[in-house]
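Please keep the sequence and the model in view while reading.

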Amino acid sequence: MRRKHTTPVREPSVAQPAEPLAPATAPPADLEREVREPSVGQPAEPLAPVSTPPADLDREAGLARLFELHYSSMLRLAHLLGADDPEDVVAEAYYQIYRRWRRLRDVEAAEAYLRSTVCNLARMRIRHLQVARKHVETPPDETVASAESTALLREDQRVLINALQQLPPRQREALVLRFWLGLKESEIAAAMGISCGSVKTHTSRGTTALTQAMEARR
C-alpha cells in the first residue's frame with residue numbers, strides 16, 4: 001500500500017518588529033513663526049506713531065508765520081524791482097530760506113534774509129532777461145503782468161512804476177526798499193549787500209532820475 005505524499009504546512013512567520021523611525025528634526029524657530037497661521041480674532045499690534053523732530057516743527061511754524069506776514073510785501077517787492085515773474089521769484093526765495101532755516105538766528109533774521117534773497121533773485125532775473133534779449137533778433141512781446149501782481153498796484157501808481165522800471169537796477173532797489181518798504185539805511189544796505197554810503201548815493205541818484213522822468217511825462 002502506497003503512502004500518500006503530504007506537503008508539510010509551514011508555520012506562519014511572525015512579523016519582525018519594524019525599526020523605530022528617527023524623530024523628525026524640529027524646524028527652526030524663524031520658519032515656525034512664518035508657517036504658523038495667525039490666530040483669528042487677535043488684533044494686530046498698533047504701529048508706533050512717527051514723531052517729528054522739534055526742530056522741524058519749529059521750522060514749519062516759523063515759515064508759516066513768515067509766509068502769512070510777508071508774502072504780499074515780498075511779491076510787491078519783486079514786482080517793483082522789475083522781475084517779470086514775481087510769483088516765481090518769491091516762491092524760490094521761500095524755498096531757499098526753508099533749506100537754510102536752521103542757520104538763521106531768529107524770525108527777524110529770517111525776514112531780512114528773505115528780503116535780501118528776493119532782491120538778489122530779482123536782480124539775477126533782470127540780468128538774464130537783458131542777456132536773452134540781446135540775442136533775440138525781434139523785440140520780445142510786451143510782458144503781461146499776472147492778475148495777482150496787477151491787483152497790488154493802484155491805477156495812480158502805474159505811471160510811477162513805469163518810470164521806476166527805467167532806472168538802473170541799484171537805484172531802483174534803493175528807492176523801492178526806502179520808500180515802498182520803509183526800511184532804514186542799514187536794512188537797505190544789508191538787503192542789497194552794499195555799504196550805507198552806497199545806499200545814500202543810489203537813493204539820491206535814483207530820486208533825481210525818477211523826478212526828471214516824471215516831469216518829462218507830464
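From the N terminus on, the elements of the protein chain run α-α-α-α-α-α-α-α-α. The chain thus described has nine helices and zero strands, where helices (H or I, at least four residues) and strands (E, at least two) are DSSP runs numbered from the N terminus. This is a predicted model, in which local features need pLDDT of at least 70 and side-chain atom pairs count only at pLDDT 80 or more, while totals for chains, interfaces and linings use all residues. Residues are numbered from 1 along each chain as its sequence is written, and side-chain values use heavy atoms, with hydrogens and water left out.

Of the 218 residues in the protein chain, 28% are buried; buried means under 20% relative accessible area, exposed over 50%, and partly exposed in between, with a 1.4 Å probe and protein chains only. The accessible surface of the chain comes to about 16600 Å², and 54% of this surface belongs to carbon and sulfur atoms. Such areas come from the Shrake-Rupley method with a 1.4 Å probe; for residues, only the protein chains shown count as cover. Contact means heavy atoms within 4.5 Å. Among contacts between residues at least 6 apart in sequence, 68% join residues at least 24 apart.

In soluble globular proteins, nonpolar side chains tend to be buried together. Here, the largest nonpolar core has 37 residues, and those with the most contacts inside it are Leu 77, Ile 97 and Leu 177. A nonpolar core is a set of buried Ala, Val, Leu, Ile, Met, Phe, Trp, Tyr and Cys residues joined through side-chain atoms within 4.5 Å. Several helices each supply at least two residues of this core, including H3 (86–99), H4 (107–134) and H9 (196–217). The largest share, eight residues, comes from H2. Leu 77 touches Arg 115, Val 118, Cys 119, Val 176, Leu 177 and Leu 181, not counting residues up to four places away in sequence.

Helix H2 also contains Ala 78, which counts as buried because its relative accessibility is 0%. Beyond four places in sequence, Ala 78 touches Ala 83, Pro 86, Val 89, Val 90 and Val 118. The C-alpha atoms of Ala 78 and Leu 121 are separated by 8.5 Å, although these residues are 43 residues apart along the chain.

What do the aromatic rings contribute? The structure holds three aromatic pairs. Rings of Phe, Tyr and Trp (its six-membered ring) pair if their centres lie within 6.5 Å; planes under 30 degrees apart count as stacked, over 60 as edge-to-face and the rest as tilted. Tyr 71 and Tyr 94 form a tilted pair, 6.4 Å centre to centre with 40° between the planes. Tyr 71 lies in helix H2 and Tyr 94 in helix H3, so the pair ties together parts that are 23 residues apart in sequence.

Arg 59, in helix H2, counts as buried because its relative accessibility is 13%. Leaving aside neighbours within four places in sequence, Arg 59 is in contact with Tyr 98 and Trp 101. Arg 59 lies over the face of Tyr 98, at 4.2 Å from the ring centre; a charge sits over a ring if NZ of Lys or CZ of Arg is within 6 Å of the ring centre and within 35 degrees of the ring normal.
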